[in-house]
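Hi,

Here is the structure I promised to pass on. Have a look at it first, then read my notes below.

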Amino acid sequence: MLLYKNKVYEIIGACMEVHRALGFGFLEVIYKDAMEIEFIERKIAFTREDEHFVNYKGKILKHKFFADFTIDNNIIIEVKANKDGLSPDAISQTLNYLKVSGFRLGVLINFGKTRLEYKRLVF
């Protein structure tokens with residue numbers, strides 16, 4: 001059984017619409033702005049650039065990370081616009097975000113190619 005199957009289906013549908021409308025070649029921020037509009041129209045609950053702290057041996061580090069999107073307070077969405085596709089670095093980054101946030105599911109989205117790419121990541 002896939003974790004949050006229906007919600008991820010909704011998210012990917014919204015991203016496909018963004019990619020269909022804009023195509024590829026824009027900066028990440030443009031896709032994020034469009035995703036925000038699409039999420040609102042589809043009534044997908046989200047926060048954008050949600051702040052997450054890193055705990056190291058019981059101490060909170062001074063630097064933190066910001067998830068591109070957090071959906072329903074349990075799914076992290078990381079957005080890329082990479083013409084070379086989903087990189088191992090982007091996968092590692094998303095897995096680290098999951099580890100720090102305590103969430104179990106991340107979806108890595110890439111708008112940088114002629115077809116939308118995405119990968120579900122479970123931690």
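Where is phenylalanine 26 found? Phenylalanine 26 sits in the loop between α1 (5-22) and α2 (28-41); helices (H or I, at least four residues) and strands (E, at least two) are DSSP runs, numbered from the N terminus.

Before you go further, this is a predicted model, where local features need pLDDT of at least 70, side-chain atom pairs count only at pLDDT 80 or more, and totals for chains, interfaces and linings use all residues. Residues are numbered from 1 along each chain as its sequence is written, and side-chain values use heavy atoms, with hydrogens and water left out.

Phenylalanine 26 is partly exposed, at a relative accessible area of 40% (buried is under 20%, exposed is over 50%, partly exposed is in between, with a 1.4 Å probe and protein chains only).

Now the sheet. It is open, with 5 strands in the order β1-β2-β3-β4-β5 and mixed pairing; two strands pair if DSSP finds at least two bridges between them. At the edges you'll find β1 (46-56) and β5 (117-122), each pairing on one side only. Strands β1 and β2 (residues 59-71) run antiparallel and are joined by 9 bridges. Threonine 47, for instance, has threonine 70 in β2 as its bridge partner.

Next, the helices. α1 packs on the sheet and touches β2, β3 (75-80), β4 (105-110) and β5, where contact means heavy atoms within 4.5 Å. The direction of α1 makes about 15° with that of β4, while α2 lies across β1, β2 and β3, at about 115° to β1. For these angles, axes are lines fitted to C-alpha atoms, for helices over the stretch in contact, and angles run from 0 to 180 degrees between N-to-C directions.

Last, the charges. The whole structure has 11 salt bridges (a side-chain nitrogen of Lys or Arg within 4 Å of a carboxyl oxygen of Asp or Glu). Two of them are in α1:

- Glutamate 10 and lysine 7 meet at 3.7 Å, N to O. They are 3 residues apart in α1, so about one helical turn separates them. Glutamate 10 is partly exposed at 32%, whereas lysine 7 is buried at 17%.
- Arginine 20 and glutamate 17 have their closest N and O atoms 2.7 Å apart. This pair is also 3 residues apart in α1, so about one helical turn lies between them. Arginine 20 is exposed at 59%.

Lys7 and Glu10 also belong to a salt-bridge network with Asp72.

Cheers
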